[in-house]
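Subject: Structure handover

Hello,

Here is the structure we spoke about. Please open it next to this email while you read.

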Amino acid sequence: MCGIVGYVGNKQASKVIIDGLKRLEYRGYDSAGLATLNGTLELNKGKGKVANLEKLVGDSQHGKIGIGHTRWATHGEPNDINSHPHLSQNGKLALVHNGIIENYNTLKKKLTEQGYEFYSETDTEVIAKLIESFLDKDASSLKKAVQLALHQVTGTYGIALVHSDFPDQIIVARKGSPLLLGIGDGEMLIASDASAVAAYTDKVVYLDDGEIAVITKDDYTVESAEQVELTKEVHELALSLEEIEKGGYDHFMLKEIFEQPKALSDCLRGRINVNEGTVTLGGIESVMEQLVNANRIVIAACGTSWHSGLVGEYLFEYLAKVPVEVEYASEFRYKEQLIGEGDVMIVISQSGETADTLAALREAKERGALVLGVVNVVGSTIARETDAGVYIHAGPEIGVASTKAFTAQVTVLTLMAIRLGLEKGTIDKKHAKKLIKELSLIPSKIEEILKQTDQIQHVSNLFSYAPNFLYLGRSYSFPVALEGALKLKEISYIHAEGYPAAEMKHGPIALIDEMMPVVVIAATHHTNDKMISNIEEVKARKGRIIAITNAGNNEVADLAEFSCTIPETLDVFSPLLSVIPLQLLSYYVAVNRGCNVDQPRNLAKSVTVE
Ligand code: M6R
């Protein structure tokens, strides 16, 4: 949610910042803005995408220090005035912000009484004016003024600011919203995530909550909330530019769908031994005893990650015989808190920054549960705050619609469940060998499915007209039905619902007529007969069946108007295959409808507000 970039060095800051903002645009794209210092403050900002800002800036900003922002609107509609950066009254200070200032109304009232004027509807403008009010009393230290101002603020923030009276420094501070420093040679960058700095440096420092940093072109200092100077660890980035570019694909989403065989191979590499039938997960070996003795596992996540959590529930219960509850992270804190010592929480997050997931993690930790992370972004807040965890190693996912993160998350959950099952003795070596052998074949089976892309595109062309879609699945295919529906609605804006197939009879069946495409995921053998009955029920009401089923399942294929087959696999692994055609279906429907696939309206990749 909102992307922040800053630069200080010898280059034209506006160019570096715009380049960085383009890479962060997936975090929000309602408006964009840029402030640089060149004697005085130079500012351009406006509604629309970074490309629009680039046009506005043209060759007008020559300063070598500056900050930029791409916005996902919270307070105030996306328009020119509400765009960041926001200025102090005297026009000397410019500030960008990611997060929500909860007491902004109270602060605004106080500042208005003191004579400060406000132009935008944002909560952010309050921070700029508040810092100015402290500088008006003591103009000797910008950092001091920022610290005093942040003391009065409640809520979440990642902020960056420049001031024309302090022309060689950028100040950044974080509480609840991610920020990192990129350490270059004679230049420094700041950004909401590493993709914005990867072209300039591979050395980064992650800021933690409560910290404030002063950055100049050759140096940086970081202080804790208690104003103690800190020596921060410098991390090496393992991020290539190739990974964060489209590489010839029309959209990141399509690239990421096609990257799944590689992503899953990377995820499995060094973790499985097919001959021995063993799984090694370095990140959780030290907590294995606690996992084995867990009373129960609570999985907390949002969106697609929640869907992979649902698959995880089936996996852990089947393979490790441990009770699992899957919670929407956003709802977790509003329930009676029964989690505690002896329980294990697994938080799943691609970005590692989702505010609700982070809050669930903190709550569970505070109550004594062991908290494990299944995260993609290395060094993200969730990855750092969990007790232990397993990275999914899917590589950067930039398309707002999550694809390869889902399959990599499910792969990691599978590995965890097998590892735990072996440790507990709920599966034996022979069973584990069979599972691991089959799991090792999944990447090549996904390759096979991707060869049917033209056929899936054809089906998409026929159904792009539909205002509604229904997705049905049983057992392991139920979370896949939810995921298929989410993919379609978020990028094509078609209303879609996913249901356990049997639930159809308890309501949704009323929606079925000759206009309704019903996507049936009939990919688990043990539910096949029941799925066939459901297909018949839909057909009897003239619904149009698109089936995803196993190769050789002619009974389902013959009943369906269109079918896409997935290679034969064990039921437990079917979500890793059956989801692929659904990703492609939603992609091509969205393209046909002229939607912006990588940046769907109203959405942001990383949801850092609650
Ligand atoms: O980064 P996270 O995995 O924590 O994100 C969770 C959801 O915001 C995310 O999966 C969202 O639902 C995607 N847009 C789905 O494609």
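This is a predicted model: local features need pLDDT of at least 70, side-chain atom pairs count only at pLDDT 80 or more; totals for chains, interfaces and linings use all residues.

The ligand

There are 14 residues around the ligand, and those that come nearest are S305, S349, S351, T354 and E490. For T354, an N or O atom in the side chain is 2.4 Å from an oxygen atom of the ligand. For S305, the distance from a polar side-chain atom to a ligand oxygen is 2.6 Å, and for S351 it is 2.7 Å. Taken alone, the ligand exposes 420 Å², of which the protein buries 91%.

Helix α12

Helix α12 covers residues 355-366, 12 residues in total. From first C-alpha to last it reaches 16 Å, close to the 16 Å expected at 1.5 Å a residue. Is this helix enclosed or open? Because 9 of its 12 residues are buried, α12 is largely enclosed by the rest of the structure. The buried residues include A355, D356, T357 and E363.

Strand β2

Strand β2 (residues 31-38) has 7 of its 8 residues buried, so it too is largely enclosed by the rest of the structure. β2 is joined to β3 (residues 40-47) by 8 bridges, and the two run antiparallel. In this pairing, L37 stands opposite L41. The two strands form a hairpin with 1 residue between them, and G39 in the turn has a positive phi of about 85 degrees. β2 also pairs with β4, again in the antiparallel sense, over 7 bridges.

Residue H75

H75 is in the loop between β4 (65-71) and β5 (86-87). Why is H75 classed as buried? Its relative accessible area is 18%, and buried means under 20%. The side chain of H75 makes a polar contact of 3.0 Å with the side chain of T74. Leaving aside neighbours within four places in sequence, H75 is in contact with I100, Y104, E121, T122 and D123.

Regards

Key. Residues are numbered from 1 along each chain as its sequence is written. Side-chain values use heavy atoms; hydrogens and water are left out. Helices (H or I, at least four residues) and strands (E, at least two) are DSSP runs, numbered from the N terminus. The expected span of a helix is 1.5 Å times one less than its number of residues. Buried means under 20% relative accessible area, exposed over 50%, partly exposed in between (1.4 Å probe, protein chains only). A residue is near a molecule or strand if one of its heavy atoms lies within 4 Å of it. A polar contact is a pair of N or O atoms within 3.5 Å; within protein, one must be able to donate a hydrogen and the other to accept it, and residues adjacent in sequence count only if both atoms are side-chain atoms. Accessible areas come from the Shrake-Rupley method with a 1.4 Å probe; for residues, only the protein chains shown count as cover. Contact means heavy atoms within 4.5 Å. Two strands pair if DSSP finds at least two bridges between them.
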